[in-house]
Structures are given as structure tokens and as C-alpha cells.
Amino acid sequence: MTSTAWDSALGAEHRARLTRIAREVSFPAGTRLFEEGRRADRFWIVRAGTVALDIHVPGRRAAVVETLGRGELVGWSWYFPPYEWHLGAETTSTVQAYEFDAATVRLLCEEDAGFGRAVASWVGGVVADRLRATRIRLLDLYAPYGSGDLT
Amino acid sequence: MTGVPVPYRVVRTRPETADTVSITLAPAGTAALAPFTPGRFAMVYAFGVGEIPVSVSRIGAGELVHTVRSVGAVSAALCALRPGDRVGLRGPFGTGWELPRAAGRDVLVVAGGIGLAPLRPLVLAALAAPDAHGRPNLLVGARTPGDVLYAKQLSDWAAGGGPLHCAVTVDRPSPTWRGRVGLVTELLNEAWFDPANTTAFVCGPEAMIRATARELVRRGLAPDRVRVSLERNMRCGTAHCGHCQLGGALLCRDGPVIGWDLARDLLTVREL
């Protein structure tokens with residue numbers, strides 16, 4: 001199997017440490033995991049299934065901006081103050097995941113600098129990847145003339 | 001390969017999306033082009049309008065299918081063709097995907113937008129020779145659900161039951177879309193391939209090719225096993241006019257398919 005984002009971004013030792021404090025959870029399709037503006041007190045690693053990240057738009061169905069699949073981190077707002085979700089999240093299929101208590105993980109990061117650096121690098125990498133992906137999608141590359149008019 | 005267009009007649013046309021049509025062509029007379037292989041292209045001449053390069057999107061017995069997106073005068077004329085109309089064809093040109101070079105390895109096909117068209121015959125060839133390769137994967141990115149090419153075929157492949165792992169993602173979902181949303185590279189986590197023993201084939205907008213190739217190399221694929229199809233302004237098809245020059249390569253002859261080991265540096269030079 002191809003190494004997943006979770007597999008490739010964190011060393012085995014740090015993954016094992018996180019896994020020891022994880023809860024194995026399962027959600028049916030259509031479960032709201034979190035809502036924009038609420039307290040970000042948990043996060044998840046998807047083991048199977050898909051989660052959609054969305055933005056509430058008044059008078060319209062929530063706009064899905066990205067989906068996350070196997071091995072991917074659902075939620076990074078738990079890592080940065082003020083620990084509030086920037087988006088909403090909903091399962092689009094049955095999802096199996098590792099669930100983590102955010103405060104516990106932050107405390108582990110403070111107690112063990114090596115572990116803290118690894119988690120910071122992982123979460124920062126996830127944020128950077130999503131920023132990169134968003135910028136590429138902003139180009140609307142698949143439109144007839146890609147990123148704009150011909151010169 | 002011919003220098004003079006060979007007349008072909010339109011057997012049938014099939015709308016793929018709002019602006020894209022698949023055109024099935026057969027020789028109008030006794031003359032026919034040499035056999036095509038996946039990834040090679042023809043110069044397709046809309047009489048009285050002009051000529052453009054178009055890869056084959058299906059290779060049948062005595063028939064060629066070209067999938068054309070209407071973005072200019074010539075492509076619009078091709079999209080307006082009806083059964084019985086005639087066009088001129090030159091070719092086959094270019095290097096092609098060269099699937100046999102991937103024998104024994106997993107096959108990873110990554111397509112963006114209309115880039116799926118030249119990759120479809122490669123996927124069909126891989127499926128036709130399942131014992132020659134590891135598991136084939138097809139990852140597709142599109143602008144919206146309505147822009148997904150060959151939607152029925154992809155849906156059948158994605159439904160499973162066959163050896164192909166197929167997944168589709170879109171940039172802009174419709175309210176009824178229940179599939180993936182995001183960059184095509186985000187589908188890589190769920191594909192089944194061994195980076196150390198995989199050949200990847202990538203076609204799409206150049207920025208998408210760069211992002212995909214870099215991610216594949218980051219995951220451990222050798223750059224020369226990431227085959228990318230590049231597009232430049234091809235005119236003559238015979239490496240004489242220089243319109244398709246990219247660095248030291250003339251893409252109508254040396255491409256359009258080249259290895260990422262060669263393409264990587266060329267694609268970072270502006271106005272090259």
C-alpha cells in the first residue's frame with residue numbers, strides 16, 4: 001500500500017505514541033464532526049471513508065471545499081489558538097478513524113520537545129499542503145484557458 | 001507518417017461534456033495512416049479552417065477516436081462535425097506513452113481535465129494486458145462533475161469489480177456531487193502502488209503536471225518513471241518549423257511524452 005500522509009509525515013515512534021492515546025471510532029455517513037466557530041477540542045485521522053470540509057453559506061446548502069480520505073488529518077484548528085474550527089466537517093461515507101483529545105496531545109507536546117517538534121512539523125505540513133492545493137485550485141486550471149486569458 | 005493530410009470521414013460523434021466532443025474517424029478511401037499507439041497524436045485538419053494536434057483517445061479496428069474541446073476556431077469546427085463530414089489527418093506523431101516500458105510495474109495514471117483523453121487508450125491497453133503489469137490505477141481531476149470526461153466509463157470503473165482502482169475528484173462540486181473534492185494529488189493516498197516499482201503517466205494542465213510529478217517523486221518514484229505529456233504550439237508535426245521547441249527538444253518529435261527527469265528543469269524556465 002502507498003504510504004499515507006499520516007504514515008509518511010510522522011515517525012513510527014511518534015505515531016505509536018499518538019495511537020496509544022487514540023480512540024477507535026466509527027461514524028455513519030452524514031455525521032457532523034464539527035461546526036465552524038465551535039471549540040476545537042478533538043481531531044481525527046481517517047482510517048477508512050471520506051470526510052467533507054464545508055463552509056456555511058446563509059440560504060444555501062453548505063459549500064464543500066475539500067474532502068479528506070484515508071490517512072489524512074481531519075482538523076488542525078485544535079493546534080493553534082484560539083482553538084476554534086474554521087470550517088465544518090461531515091462524513092460522506094461510513095468513516096473509521098482514530099480520534100484524539102486535543103488538550104492531551106498539546107500537553108504531550110509541551111512535555112516532550114522531540115514529540116512536540118514532530119507534531120508541529122506534521123500539522124504545519126498539512127496546513128502547507130492544503131494552502132498549496134488551494135492556491136493551485138484558485139488558478140482554475142481546467143477552465144478553457146486555465147489561469148486566465150491568453151497573452 | 002505522412003506529410004500530406006489523408007482524408008478521413010466522421011463515423012459518429014459523441015458529446016462528452018458541454019464543450020467537448022469525441023469524434024470517431026475512419027479512412028474515407030483506401031489510404032490510411034499507420035497504426036497509432038497510446039499517447040501519439042495526429043494533426044487534424046478542419047478543411048478551410050485550420051489544423052491542430054489532437055491525441056487519440058481510443059484506437060479501434062480501422063477507426064480512431066479524437067476527443068476535442070472547443071476552445072478556438074479549429075477545435076470549434078471539429079466539435080461541429082457531423083457523421084459523413086470529412087477531415088484531413090497527418091500522423092501518427094510523437095513518442096507515445098510506451099506502456100511496454102512499464103512491464104512488471106504498477107501503473108499509475110493521473111489525468112487532469114481534457115488530459116484524460118490521451119490517457120484513456122493507455123488505460124484500455126493496460127486493462128487488456130493485466131498480466132503484464134501490477135495493479136493499474138486511474139486518478140482523475142476535473143473542474144466540475146459536469147466536466148468529467150467519459151463519465152459512464154469512469155463510473156463503471158470506479159464501481160469496482162475489475163482490477164482498476166479508479167477515483168475522481170473535482171474542484172467545484174455541484175450540490176448533488178457525493179465524490180471527492182480537491183486536487184487530484186489528494187487521491188494518491190488511496191491508490192495502490194509501490195513507489196519503488198511504479199511507472200506513472202501524467203497529463204493535464206502544466207501546473208497540475210508539475211504538482212503531481214513533484215509529489216510522486218517525493219513519494220519515491222524515480223523521475224524517469226514519471227512520464228508526462230507536454231503541450232506546445234505544434235504546427236508541422238515533423239520537427240522542422242520549431243514552433244513546439246522546448247529547450248533542446250522539439251515536442252512533436254521528441255515528445256509530447258517525456259520523462260520528468262528531462263521535463264523538470266524545462267518547465268521551471270519562463271517563456272521557454
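**View 1. Contact between domain 1 and domain 2 of chain B in the predicted model.** Domain 1 of chain B places 19 residues in contact with 18 residues of domain 2 of chain B, where contact means that C-beta atoms, placed from the backbone, lie within 7 Å. In chain B, domain 1 covers 6-93 and domain 2 covers 99-266; the bounds come from an automatic or database domain assignment. Taken over C-alpha atoms, the domain centres of chain B are separated by 22 Å.

This is a predicted model, in which local features need pLDDT of at least 70, side-chain atom pairs count only at pLDDT 80 or more, and totals for chains, interfaces and linings use all residues. Residues are numbered from 1 along each chain as its sequence is written, with chains lettered from A and ligands numbered from 1 in the order in which they are written.

**View 2. The side of domain 1 of chain B that touches domain 2 of chain B.** At least two residues each come from β1 (6-17), β3 (41-46), β4 (50-60), β5 (63-69) and β6 (86-93) of chain B. Strands (E, at least two residues) and helices (H or I, at least four) are DSSP runs, numbered from the N terminus. β4(B) gives the most to this side, six residues. By class, this side has eight nonpolar, seven polar and four charged residues. Nonpolar means Ala, Val, Leu, Ile, Met, Phe, Trp, Tyr, Cys and Pro; charged means Asp, Glu, Lys and Arg; the others, Gly among them, are polar.

**View 3. The contact between chain A and chain B.** It takes 25 residues from chain A and 27 residues from chain B. On the side of chain A that touches chain B, β5 (63-68) and α4 (113-138) of chain A each supply at least two residues. β5(A) gives the most, with four residues. Twelve nonpolar, eight polar and five charged residues make up this side of chain A.

How values were computed: Two residues are in contact if their C-beta atoms, placed from the backbone, lie within 7 Å.
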